[in-house]
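Have a look at the structure first.

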Amino acid sequence: MLKAITKDALGRRLARGPVWAMGCMSGTSMDGVDAALIETDGETIIGFGPTGFQAYSDDQRRVLTRALGKWHAAPEVAPAARIVEDVHKAVITRLMQDDPVPELLGFHGQTFAHDPRGLGTHQAGDGQALAQVLDLPVVWDFRTSDVKLGGEGAPLAPFFHHACARFIKADAPLAFLNLGGVGNVTWVDPAQPTPDIPGACLAFDTGPANAPMDDLMQHRLRKSRDEGGALALSGKIHTPSLEAFLSHPYFRRTPPKSLDRNDFPDLPAMVADLSDADALRTLAACAAAAVADGMEHCPTQPTRLLVTGGGRHNAALMAELRARLPMPVDDIDTTGLNGDMLEAQAFAYLAVRVARGLTTSSPTTTGVAAAVGGGVVSIPIGQ
């Protein structure tokens, strides 16, 4: 681990070549914290290291859920932020017991509110506090600068997706679909040498993904998810609900565009009178139809769609995607990449880019006016 390091010294160290960095992600599904190490110079992926996961308890999830939609000063936020920090500390500390030891941490925090055209974006968790406890430089607050410069602040994984496409030696445009609480897609042309030049990437949020299904399971059956999509597979699509969902104005917006977890508040009511199985199958169809709608915006049809995130484990959702899309739809694990850890790895990669002064988003990934580097670098005080 780097000791007694200043920001300038960190920049000089990173300028000399690849480092091991750790990234952490607590997504909109709020199931827990993913952590993963990668070796990178912020441009090329050299290799992947160990990963870890720390689940939120049911009580912790209840506290986090109460903070959804809340901004920094709301009384529900402080206790939720402490949970976010404590669970991150637990999984990070566990991973740091083994080699390789990271020289830098990318800390996304937990998104509680996202309103880029209004109040901004809110990710809870204090990166400086983590830097002190872990004795490790921490890059955090990745989204704020993008939003301040007119961008959506999301999605932020596209530059990493571009690096992944080149890592797996893709030779034609392809797309990465992340199915977390909200879905997002990145179209990538791996022939372009860097992700921030025109024609390299297009990215945007597609629509709700796992969140409505998970919320329904919690509300009706007191379970965290429909394991493997088994219940949804036994259900039937309620076409009027699907058509009503697709009439939402979000689908008429051109990308880049982004969503908050709560941006489709009428969706639960659309399926309220359906059986559990039919409601889940209809919600899976909504998520897949939103993706199919979004793929119309791609510059060219991708040769394949690589699915990452928890939604790829839902057989009903994957079946709906394959039924609605013309290209092969594959679990990203078939390429050798880790679909459960890709977002955590992305923030390790972005942390190195921030520390090196490289860009993290562009007009075609977030709608920001020009390619910009976000993030705040925190060094342990006293070093």
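Let's begin with helix H9, which spans residues 239-246 and has Ser241, Leu242 and Phe245 buried. Buried here means under 20% relative accessible area, with exposed being over 50% and partly exposed in between (1.4 Å probe, protein chains only). Those three cover an arc of only 100° around the axis, so they sit on the same side of H9. That arc is taken from the directions running from the helix axis to the C-beta atoms. The cover over the buried residues of H9 includes strand E9, helix H10 (267-270), helix H11 (276-295) and helix H12 (315-324). Helices (H or I, at least four residues) and strands (E, at least two) are DSSP runs, numbered from the N terminus.

A word on the ground rules: this is a predicted model, where local features need pLDDT of at least 70 and side-chain atom pairs count only at pLDDT 80 or more, while totals for chains, interfaces and linings use all residues. Residues are numbered from 1 along each chain as its sequence is written, and side-chain values use heavy atoms, with hydrogens and water left out.

Now over to E9, residues 201-208, which is where you'll find threonine 206. Leaving aside neighbours within four places in sequence, threonine 206 is in contact (heavy atoms within 4.5 Å) with Leu177, Gly183, Asn184, Val185, Tyr250, Phe251, Leu259, Ala290 and Val291.

| Residue | Relative accessible area |
|---|---|
| Threonine 206 | 4% |
| Cysteine 164 | 0% |
| Cysteine 286 | 1% |

What about disulfides, meaning pairs of cysteine sulfur atoms within 2.5 Å? The structure holds 0 of them. For cysteine 164, the closest cysteine sulfur is in cysteine 201, 11 Å away, which is too far for a bond.

Zooming out, the protein has 13 helices and 12 strands. Its radius of gyration is 20 Å, close to the 21 Å that the globule rule gives for 383 residues, so it is as compact as a globular protein of that length. That radius is taken over C-alpha atoms, and the rule is 2.2 Å times the number of residues to the power 0.38. Of the 383 residues, 56% count as buried. Among contacts with a separation of 6 or more, 71% come from residues 24 or more positions apart.

How values were computed:
Disulfide = S-S within 2.5 Å.
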